[in-house]
Amino acid sequence: MDRNTVVGLVVIFIILIGFSYINRPSQEQMEEARRKRDSIALVEAREDKLQEELQRENQQKDIENVENAEDAEPILNNNDDSGEPTGTFSQAKNGEKELVTLENDLLKINVSTLGGSVYSVEVKDYETYSGDPLILYANDSNVFGLQFWGENKNVETHKLFFEPDRQESNIRVKPGDNPQTLRMRLSAGEDSYIDYVYTIHPESYMIDFGIELNNMNDIISGRPGSIDLLWDVILPQLEKNGEKESEYTTIAYQLSNGDFEELSSRSDEASEDVTTRINWIGYKQQFFSTFLVHEENFLNAKFNSNIVEDGKHTRSFSSRIAVPYSGEETESHDMKMYFGPNHFNTLKEYDYSFEEVVPLGSWIIKWINQYVIIFVFDLLNKFINSYGLIILLLTILIKIVLFPLTYKSYLSQAKMRVLKPQIDEIGKKYPKKEDAMKKQQAVMGLYKKVGVSPLGGCLPMLIQFPILIAMFRFFPASFELRQESFLWAEDLSTYDSILDLPFTIPYYGDHVSLFTLLMAGALFLTSKTSTAQMDTNAQMPGMKYMMLYMMPLMLLFFFNSYSAGLSYYYFLSNIITFGQTMLIRKTVDDEAILKKLTENAKKPQTKSKFQAKIEEMAKQKQQQKRGKR
């Protein structure tokens, strides 16, 4: 690894650290966030208590009214404001929660009669890091349902009991079977109802979901336009490193114009009020996601994301989504739900741009990952089962492709090195500080005379930086590496540990990653090889110290909790770079380079058309000045 490479790595590292530091919430912000959460929890507790008291009072009034009535009849229209589902939905407020299972070879979805919504989803063929079945979410606090104002009260369908249209508790489709449908009905009187319709297909992570409203226009109060869909979920921790998993967990969505957006996953709390139409909304975790698609767009939505620090969950999401509502006698909304892995090619197959949630970078970085790295990765995976070997071959291929640039960079450094004595002579000729400009002009004149560009070594390394950054984005987000073991690493998608510490070292962690140690050692080796052939006086002050010691030490801290696959790749990359440097050093002769540069200096200097034009313009300007004088 040469000086230009190390300088670039230092710049990238400083940018990453600076970006993380700038976006990190301050202590005051974290305390304010905690105060807000405590205040919200207190207000919610008070509201719950108040609702319970109102409920008891209203129930007592109902009993007294029934007892005092001469001809007691069931109360069908109670106009209290307690929010309890009396009146039209009185028959749906009591019941027993039961689960109806929709199942194919990929998913096992439990639909609850309470709320008629998806209660839990198991993604088959995958497990959590602890070896448990992978359940995307299953919590009594989760909410999915419509909310509207009806009969002078707030109606929330997730608190009401739906009736399934099928007797069987398990509906399964096998490969080759026809899709199966489950209809959950919330009755609101004679020929008035709300249906949730679920259709499961064989061998698919996506199900059809529909909302049908029949004769609800007299029950749903207010002006037609939209009704609210509430979607609240507490997401469980699925991976080994809950802190890193939380950094990739957020609410993502696509606007009707195709733009992809997502809430910040770095802050403890994040919210967004989207006032434009939305194609789909996704609850994204590090390696799995849940998407809700509306074929005709949601009108708008309000999103909230909060971190959960209980050791079992990562974040809680809350969405209030506006669904179009015309107020007609019969109305239906065609939607779809996706429950599955964040595997780039799998997401792309559904043709809804779900693959945008995979953080591959932007612009050229995303292009490299999508069309080069993933393509090569998948190609190698067809023939090789070990992802450790795939990363090795991928690294070798990248280094072979970049070798001409590496060679050109080394050759440029060699030219600068053999010119060092002549540059020192120029320095002796202009020792004073006020002659710095003359010295610089003389040095540039020398470079021009012998045909050397001082940027010749930097440009090839700058071209390689997109590859370096692309790999930095690819490995932590690569679903392929999830729970894939190699050597001592149990899971290449997260950190490896050869020693668990009984304490936590600030910015380092509570474990020791061997792949990170090897990477830091390989970086020290390549840096030592590179600095050994440089003249110390020609370097920036402290550069040698930074390259040899500080850079490996900083990366040791930075990568200790990162993906083992990433550290393994950088280790291999540095080792191969060291081998290439040794090979190039044996083939490049400094004396031959100096001889060629000397011959170039003897050749007549030719000017390019651009340079001649510049000089002609300068002469004309001088003549104009003389004419004015």
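**Close-up views of side-chain contacts in a predicted model**

**View 1. A salt bridge between two strands, Glu103 with Lys124.** In this view, Glu103 and Lys124 form a salt bridge in which the closest N and O atoms are 2.6 Å apart. Glu103 belongs to strand β1 (residues 99–103) and Lys124 to strand β3 (residues 118–127), so the pair ties together parts that are 21 residues apart in sequence. Glu103 is buried, its relative accessible area being 9%, and Lys124 is likewise buried, with a relative accessible area of 15%. The structure shown here and in the views that follow is a predicted model.

**View 2. The salt bridge of Arg183 with Glu212.** The closest N and O atoms of Arg183 and Glu212 are 2.8 Å apart, and the two residues form a salt bridge. This pair links distant parts of the chain, since Arg183 sits in strand β9 (residues 180–187) and Glu212 in strand β11 (residues 206–214), 29 residues apart. Arg183 is partly exposed, with a relative accessible area of 23%, and Glu212, at 27% relative accessibility, also counts as partly exposed.

View 3. A salt bridge joins the side chains of Lys336 and Asp208, with a distance of 2.6 Å from N to O. Lys336 lies in strand β20 (residues 330–341) and Asp208 in strand β11, so that the pair links distant parts of the chain, 128 residues apart. For the model as a whole, the count comes to 17 salt bridges.

**View 4. An aromatic pair between two loops, Phe287 with Phe479.** The model has a count of 40 aromatic pairs. One of them is formed by Phe287 and Phe479, an edge-to-face pair at 6.1 Å centre to centre with 70 degrees between the planes. Phe287 lies in the loop between β16 (278–284) and β17 (288–298), while Phe479 lies in the loop between α9 (458–477) and β21 (499–505), so the pair ties together parts that are 192 residues apart in sequence. Both Phe287 and Phe479 are buried.

View 5. Phe558 is buried, as is Phe559. These two residues are part of one aromatic cluster, which is formed by Phe377, Tyr387, Phe472, Phe474, Phe475, Phe558, Phe559, Tyr562, Tyr569 and Tyr570.

**View 6. A charged side chain over a ring, Arg185 with Tyr193.** Arg185 lies over the face of Tyr193, at a distance of 3.6 Å from the ring centre.

View 7. Most residues other than glycine have a negative phi. Asn297, which is not a glycine, has a positive phi near 80 degrees; Asn297 is placed in strand β17 and counts as buried at 16% relative accessibility. Ser353, again not a glycine, has a positive phi of about 65 degrees. Ser353 lies in the loop between α4 (344–349) and α5 (363–381), where Ser353 is partly exposed, with a relative accessible area of 24%.

Key: Residues numbered from 1 in each chain as written. Heavy atoms only, no water. Phe/Tyr/Trp six-rings, centres within 6.5 Å; stacked < 30°, edge-to-face > 60°. Helix = DSSP H or I, 4+ residues; strand = E, 2+ residues; numbered from the N terminus. Buried < 20%, exposed > 50% of the residue type's maximum accessible area, 1.4 Å probe, protein only. Lys NZ or Arg CZ within 6 Å of the ring centre and 35° of its normal. Salt bridge = Lys/Arg side-chain N within 4 Å of Asp/Glu carboxyl O.
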